[in-house]
Amino acid sequence: MLAEALFFSAVLFTIGVFGVLIRRNAIIVFMCVELMLNAVNLTFVAFAQAYGVAGQVFVFFVMTVAAAEAAVGLAIIIALFRHRQTVNLSNINLLKG
Amino acid sequence: MQSLSMPHGTLPLLYTFHFYLFGFIAIGSALLFVTRKSPVAAALWLVNTMFCLAALYVMLDAQFIGAIQVLVYAGAIMVVFLFVIMLLNLGQGEIHDARGTGWKLTAGAVAIAMLAQIFALTKAKTPINLTLPQGFAAKQVADAGAIAPVSGPLFHEYLLAFEVTSMLLLAAVVGAVVLGKQRGEEDAR
Amino acid sequence: MLPLLQAAATAAPHPMSGTVAQWLWLVPVFPLLGFLINGFFSISTVFHKGPKDPSASHGDDHAAGHASGHGDTGGGHGDDHHDVARHKLAGLTSIVGPGVLLLSFLLTAAIFFAMRAAGGGSMTQPFVQRLFSWMPVGDMTIDASFQLDQLSMMMTLVVTGVGTLIHLFSVGYMQDDPGYPRYFAYLNLFVFFMLLLVLGGNYPILFIGWEGVGLCSYLLIGFWFSEKANADAGKKAFIVNRIGDFGFLVAMFLIFANLGSLDFGAVKEAAPGLGFGTPVVTAICLFLFLGCAGKSAQIPLYVWLPDAMAGPTPVSALIHAATMVTAGVYLIARSNFLFAMAPVAQIVVVVIGALTAIFAASIGLKQWDIKKVLAYSTVSQLGYMFVGVGSGAYVAGVFHLVTHAFFKALLFLGSGSVIFAMHRAYHHTGNHDDAQDMRNMGGLKEYMPMTFYLMWAATLAIAGIPPLAGFFSKDEILGALFQRAHEGSTIASAHLFGIPGSLWLYFAWVLGLAAALMTATYMTRMMIYTFHGPNRTGAEERKHLAEAPMTMTGPLVILGILTVVGGWLNIPEFARFLGPVGGLDHWLHPVVGEATEQVIAGTHEMSPGLEYGLVGLAVLIAVAGIALAWTRLKPEALVPKSQSPQEEGFERVLLDKYYVDELYDAAVVSPVVGVSRGLLWRGVDNGLIDSLGVKGSTYLAKFVGWIGSQFQSGRLGTYAWVLAVGVLAVLGAVSVR
């Protein structure tokens, strides 16, 4: 089952990468990042079955950090939206030039 | 559920079938997630993906993690996402916010390249002496329950990481509150 | 080489060492000091509060006319168009300038007498004074050394003597020129270099002098450089000279490569080792002659000399009549041991000399500018000299060099007096006509009698009327030429392009006679139009025509005396009743005797009857030329230049110098300029270096900067991309392994 799990994980990860590159809505991009994290979690769990429970502990931490990151990130997006009335990444370009 | 501690190579067909089923549903949901115009629809598809992943975790002898996946990821994080989407009232999206065709093709190429590279990596051989015997994880679960194998190392070897993570959470809470605060007069222009 | 000289020095002390000859090095150094002092006067602005030097536009009255422009205003005499003020330090300069030259001449004379005492013509070894080791490089050792033998003594006397006279003349001629000290500085520098040239003990020192006189020629021709035509003339002279210098350099390389040394003495010793008539020695001689053609204005490099008349007249007298242009003749005389071994090269020299003689004489027949007539006359006479030294008659060639220096300097200075007087006359009436055009002169013998008589003396000399100097020298050249053709010589036995040398020599002899005829004619024409006939200067100006001051006429007188008695230097056999025979022959024997004998080895003298016949023929031709001009030309028919009709037909061709300048312009100059402008300037410089190099590097820098700036775009999408690509790269690095 390791190989199959790794396969799924890889595909999910690349889908996440694809989404990050393609979409311009900040929230959608954020969710793609979450997808990538999930794919990595799957990898860890698959390896945990073969190499020891440390993998699952790591997944635990990943989830925690992901939660924290989601909270803070969404707060940032809300603040951004208040200023620019948009979450379109192309318009969030004050640093440009 | 039948015991999962099967000798290698003699997994029941049902198990394999379900594994593949959940896996491909996850992939399909992910694809749909990336291509939805509406953020709400996209979020919901992501939730579906996470459910499938939770199922996969359970089938991989990580039942605790599977439960946590549903509780934390699908139940808390995605809910927050949905709250924010609804709060910002994004609806259908201002315009179709994917980049043009050229970008899509290039991104596709990058993605496929990355996939190929990852596959190449998976072919790597791992040292024999690190590999656990077959069914070891299942045995652990059978012996001590689903939670104990995870929590044991968590509070013993990885205690420091645990404490640090709690501080991280604190920082995150404070940060989120501060960032989300209305600023009063200096607000939105 | 050096061991050779040292051996010679230690074997027996030279009879001249220890005498006044040990001060030989002072002879060039005096003019050098003069240059430094006068130069200091010229550039020190403390004293110079007058109008700036060079003087402003000299004479709109000297428009280009039919030849390239000349800016000689005969003393910078003021008209309303240019500032004139006698330089504040002119007095001091008048003492220093001619003074150092006089010192040089006196010292030279003293050394000459010492040389006479040490044996004169029987002194077989040259007196070499080695100053210091200049270029000891590997196998090659070049010393800064002076070599004093009879030939260089001769040349030094001429240079310093005639030079002193011309310096004195210049004191009067240039008196009102604001560039007075600068003029004398350049003139002194010129004499310094010329002395280096004639006194040098090896080819490189000679070459320094060679180049140096070319430089000074440029500086002096373009003395009034604020007029573009003058500056152009200077450039032309220098550049054409350079072409010749290339030949000289190649010859030096060949000499060194084959003989291992560049000292005159060593080369003379080793020269027979090259083999008689071999391609190597012929090549060396031909390249040397290329250098001479440039410096001494032979075909095809003579074109700079007529243009050089743009300089002040004393400069023309000194440089382009008496000294610099004779450097080529001196070089061949100095390298006689090489030329005697290359009969083919000798044929070439003779033929080109003869062709130049007649070519330039024909142009001189139709020139209206008095200085141009003299310029072409110089080119023609130089052709004679080359005929002389080319045919192995070195004594004859050098003899003609000396006599030519006398009468040509006299002619030039005389014309300078004429121009000076014309300018003064024009100045009084504010006329702007050409003061050098003969059509504006006429009948000047009443106003300038002394100049008139002296110039007639020089004209008779150059035409070859006995017993004046020119007769003896010219006759000796033609006689020697005929002897080598008729009685046989190494030259006659050689072949050039399949034609036997004797035929070439006869051809040259005929050309020489024809040129003699033309010489007599055009010189008489010049005299008639200038001094005889009615005066065309204008009624008002006539009142102001007068003889030049004594400072200018004095040197003329001295030169006149020399012109008359100069022939006594080398009286031929048949005129032995006049005095001692062959003075110059004996004097120069140790230097050139061997080579001369090598050329005519085994042949016998011409029969006296033949000799007398030739002499008579020469005199007949001279008289015929003068008579031709006297009877055929009508000065009364002339009108002043401004009203003169345009020339027609062949006369036009002669007037326009056979369009040689235009030919060179089209064939050489224009293509070079075109290539430079089109290919090298636009193509390489603009296109390649500027666009590709300079602009290209800016573009490159900007481009690199732009690429870098793209990484900091501030756009999240770009960042995501870069991330993805980076991950790809890292994964690639890991997975490939």
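1. Across the interface of chain B and chain A, 9 residue pairs are in polar contact, both residues being at pLDDT 80 or more; a polar contact is a pair of N or O atoms within 3.5 Å, where within protein one must be able to donate a hydrogen and the other to accept it, and residues adjacent in sequence count only if both atoms are side-chain atoms. On the chain B side that touches chain A, at least two residues each come from α1 (13-35), α2 (39-59), α3 (63-88), α4 (101-122), α5 (136-144), α6 (148-155) and α7 (159-180), helices being DSSP runs (H or I, at least four residues) numbered from the N terminus.

2. The model is predicted: local features need pLDDT of at least 70 and side-chain atom pairs pLDDT 80 or more, whereas totals for chains, interfaces and linings use all residues. Residues are numbered from 1 along each chain as its sequence is written, chains are lettered from A in the order in which they are written, and side-chain values use heavy atoms, with hydrogens and water left out.

3. Contact (heavy atoms within 4.5 Å) links 85 residues of chain B with 66 residues of chain A. The buried area (accessible area, 1.4 Å probe, lost by two parts on being put together, summed over both) is about 6,900 Å² here, 77% of it from carbon and sulfur atoms.

4. Between chain A and chain C, 9 residues of chain A are in contact with 8 of chain C. About 700 Å² is buried between chain A and chain C, with carbon and sulfur atoms giving 70%.
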